[in-house]
Amino acid sequence: MEQRALGQSGLRVSAIGLGCMGMSEFYGTGDDAASIATIHRAIDLGVTLLDTADIYGPFTNERLIGRALAGRRNQVTIATKFGNMRAEDGGFLGVNGRPDYVKSACDASLQRLRVDTIDLYYQHRVDATVPIEDTVGAMAELVTAGKVRYIGLSEAGEDTIRRAFGVHPITALQTEYSLWTRDPEAAILPLCRELGIGFVAYSPLGRGFLTGRFRSLDDLPADDWRRKNPRFQGDNFTKNLDLVAHVEALAERKGCTPAQLALAWLLRQGADIVPIPGSKRIERLEENARAVDVALSNDELREIDELFPVGAASGTRYAEAGMKTLNR
């Protein structure tokens, strides 16, 4: 597996990481045994970046990763996040970036993950009521204390990124980026390159939509969060299927799967970009990992750009409440 540097921090990870959220929540019922087997297979394939967050489960995804990494901790880079608060019963309690919470959340994650140090610690969402300098200052103290190696932000806006960077080096920004979410290209990605911040792309397969697996909502489990996502609703779903048809046609021509084509495109957008597709099954993991072997010519990249301009997808990324937490 190709390795890539996340910014100028010195942290190197696999060119394709593994998003672990769906193993515990949001995308249907999980299977811990199958998920642990998938994590082990990922490590065997050289996939070293494992991405989680305290709210996934809630809290159970970090515990799952902690169990999976018994005896293999030194083979991976663990990335987790804080800031979105949830109760034990799953209720969402808002965003919290207060320094005291940053530290207590880190201690709780360390315990669940069964590790002494978190490799990459993100603020999941920016707390608009707390100066980013205060939040990042607390994160920097965690680095000094040896509890965290590198720090990152998720879905932060330009001004926030600059101010945060002035307090402590930011190793990575994690934001949604894919063929149907190209918004970061306008300002966020150029800013990351200006400051030497790596870019971790979540939902690089459009929450699975770009794989071509979904033809109607009936293809999703009854408890799947995507059923409520705007891009999976009504006319949006139908229009987005037209985009998927282009991916399928291009993939067939290349002799790869739609997922591999979408990931290969993302990898070609810059050596500083690391996508983290989620997978609960070994076969999907292996399929995604082989995307590093799909070579796209400049002519093919131009064709894809024409088929998938910025704003091509129909519907917003999240419902109204979720959209308000982005780009703060």
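**Entry 1: strands β9, β10 and β11**

I began with β9, α5 and β10, which form a right-handed β-α-β unit; I call a crossover right-handed if, with the strands pointing away from the viewer, the path from the first strand over the helix to the second runs clockwise. The chain then crosses from β10 through α6 to β11, and this β-α-β crossover is right-handed. Helices (H or I, at least four residues) and strands (E, at least two) are DSSP runs, numbered from the N terminus.

I note that this is a predicted model, in which local features need pLDDT of at least 70 and side-chain atom pairs count only at pLDDT 80 or more, while totals for chains, interfaces and linings use all residues. Residues are numbered from 1 along each chain as its sequence is written, and side-chain values use heavy atoms, with hydrogens and water left out.

I looked up the pairing next, taking two strands as paired if DSSP finds at least two bridges between them. Strand β9 (residues 148-154) pairs with β10 in the parallel sense over three bridges, and L153 stands opposite L173 in β10. β10 and β11 also run parallel, joined by five bridges, with E176 opposite Y202 in β11.

I then checked burial along β10 (buried: under 20% relative accessible area, 1.4 Å probe, protein chains only). Five of its five residues are buried. A172, Q174 and E176 lie on one side of β10, and L173 and T175 on the other.

**Entry 2: helix α6**

In α6 (residues 188-195) I found I188, L189, L191, C192 and L195 buried. Seen down the axis of α6, these residues fall within an arc of 160°, so they line one face of the helix; the arc is that of the directions from the helix axis to the C-beta atoms. Their cover includes α5 (158-167), β10 (172-176), β11 (198-202) and β12 (273-275), with contact meaning heavy atoms within 4.5 Å. After α6 comes G196, whose phi is positive, near 75°.

**Entry 3: nonpolar cores**

I defined a nonpolar core as a set of buried Ala, Val, Leu, Ile, Met, Phe, Trp, Tyr and Cys residues joined through side-chain atoms within 4.5 Å. The largest has 83 residues, of which L18, I39, L153, I161, L173 and F199 touch the most other members. Helix α8 (residues 258-267) gives the most to this core, with eight residues. Apart from this core lies another, of 15 residues, among them L6, A79, L120 and Y318.

I returned to L153 and listed its contacts, not counting residues up to four places away in sequence; they include Y122, I132, V136, I161 and L173.

Technical notes
Buried < 20%, exposed > 50% of the residue type's maximum accessible area, 1.4 Å probe, protein only.
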